[in-house]
Every structure is written in structure tokens, then in C-alpha cells.
Amino acid sequence: MSGRRLRSLGVFSDEQLTKLENVGWGKCKDALLQDVVSVAEVLGESEARTAQLIKEVARKVRPSPAQMLSLTSTGRIPTGIPTLDNMIKGGLPVGVLAEVVGQPGIGKSQFLMTAAAKGTTTGNVLYVDTEGKFSYERLSEIAGEPTDDRVLHCYLPTLELFMSFLEELELQVEENCISLVIIDSIAAIIRVKDLSPVQRSQLLVQLATTLKLVAARFSLVVLLSNQVTMDNIPALGNTWHHAVNYRFQIYPLTPGLITSPHRILALTKSPVTEESSFRVIISERGIVEHIPTDTG
């Protein structure tokens, strides 16, 4: 989606494409993330005509009917980690808010990119990056193939940018046929702003409510990363704790040692199953399950 060139779609004329490329808008995401007025000014077209062109771009990057049928027939988005998906009855059900938590450097972004790579097999993915950790190259490595045309990446390092984007989230989801929204991370944008406890609580309620409403309305999954406290408790307090439907936590296999790729992945909150955990490895293909070696 976002990495696909506009020239490959056959929507704009050569003259229009040149105008867009001259301002740095040569990819699908560039047209889809701009407001109609701005694009119309660059093209020298009416807003009505420009809106038609942008809708045609959105139509051409939608998932195939086979992919949409696969999603709607199951109503679940797999995480890409088979044991975890089996625990939660086939994947995360659409309409939920889920998070992965853990200390810095533990592999939360790797978990999210593993889920994003798998998510491209059932639809389009919107990847909101607040810390600058996203990489198309890494995502393609995990997926085993290029994923640029199915993942829309947005870098939003401040709370102001994130809140502005949140106002347009429904439009982005609808126009790009998004089935999985990933936010890496939610804690980073909350903590960069000097907020009173009351303001922080109100903001968390607003964020959780908006994200869950979008998930329910458009039958998608919102999956995000969160930090932990010094006591290894998920950050952001009770308000956020109760808003999340599913929670996964990543621990080092050996306490205090994160230089090793070995981890423990735990399901710590779920409405459908009890808490459980298993061993995984951070590999070139993302988060993969540890396969015991028979030393006998």
C-alpha cells in the first residue's frame, strides 16, 4: 500500500504524477494521507475531481476478495505465533484492543512486526510508529517477502500529532481497508507530555474509547505496545489496564538478561482462556516458538 508507486496504478496522468512527485508525493501513502485541499492545489484540479482520484487510489490498494473472505469467515486476526493463536482460539477477535508489554529492548516491536507481517495475509495494516523503530526492511525480512504495498506506516512522535491523526483514523481505516491497527508505542506519547493525574486519566479514557469504537465499527483489531514499571507491572495504571481486552507480556528467559534472544511470552489477560506462557526466540523471522532439542 504505502510503498507502492502511484505510477503503477494508472489513476493519474503523467502531468499530474510529475506535479505530485515534485512535492515528494510519489507513493500511494502520500496521496492517501494528505487532505483533499492540499492535493487539489498541487494538481491544479477541483476538490471534487481530486476526491474522486484519491478514492480510486484507495480502491486499487484494497485487499483482494479472497483475503477479505478469509478475514470475515474467521473474524480473527492471527498474531503469527501459532501457540499463542491456539491459546486465544485462532487469533485476536475483531473489535478488541490488545497490547504487548515488557521492559525496553525485550522485543515488543518485534512482536508487533511479526503480527503485522501475518496481518498482511488477511488485509491491510496501519502501523503507527511513535518511537521511530519501524523498518520496512525488517518487516519484509520477517514476512519473507516485500510488504510495502500492504502496510501503511505513519510516524507520530508527539501527542499532538497522534491526537490529530486519531481524528482522521476512521477515514484512514475506511479508505485503506485496514484490518489491523498497530501502535508502537502508546506509553511513549503519553509520557512525553506533562499532564496532571486527572488529565492523564481522562486522556487514557478518550484514547481507549476511540480505539475500541473504531475496532468495533470497522471489525478490526487494535494491537499496541506498552511499557512496564520498575516492578514489571504494565504501565499507564488501572484505567488503561481495564480498557485492554487482551494482554501479552514478554520476559527475559533469564531474569535481567536481554542480550540473549530467548524470551518467555505470556498471555496475562484474556476473556477466553486462562493465563499461560511458553518460550520463544527473537529471530530473523520475528518472534518464533522455541523448539526443544532432543539431547537424549
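This is a predicted model: local features need pLDDT of at least 70, side-chain atom pairs count only at pLDDT 80 or more; totals for chains, interfaces and linings use all residues.
Local features need pLDDT of at least 70, side-chain atom pairs count only at pLDDT 80 or more, and totals for chains, interfaces and linings use all residues. Residues are numbered from 1 along each chain, and side-chain values use heavy atoms, without hydrogens or water.

Helix 9 spans residues 159–167. Helices are DSSP runs of H or I with at least four residues, strands are E runs of at least two, and both are numbered from the N terminus. Leu159, Phe162, Met163, Phe165 and Leu166 of helix 9 are buried (under 20% relative accessible area, 1.4 Å probe, protein chains only). Seen down the helix axis, these buried residues fall within an arc of 160 degrees, so they line one face of helix 9. The arc is taken from the directions from the axis to the C-beta atoms. The buried residues pack against several elements, including strand 4 (124–129) and helix 12 (197–217); contact means heavy atoms within 4.5 Å.

The largest cavity is lined by Val128, Phe162, Phe165, Leu166, Leu169, Val181, Ile183 and Leu211. A cavity is a set of points on a 1 Å grid over the protein atoms alone where a 1.4 Å probe fits but cannot get out; lining residues have an atom within 4 Å of a point. Helix 9 gives the largest share of this lining, three residues.

The second largest pocket is an open set with protein on both sides within 12 Å along at least five of seven lines. Helix 7 gives the most to its lining, with three residues.

Technical notes:
Buried means under 20% relative accessible area, exposed over 50%, partly exposed in between (1.4 Å probe, protein chains only).
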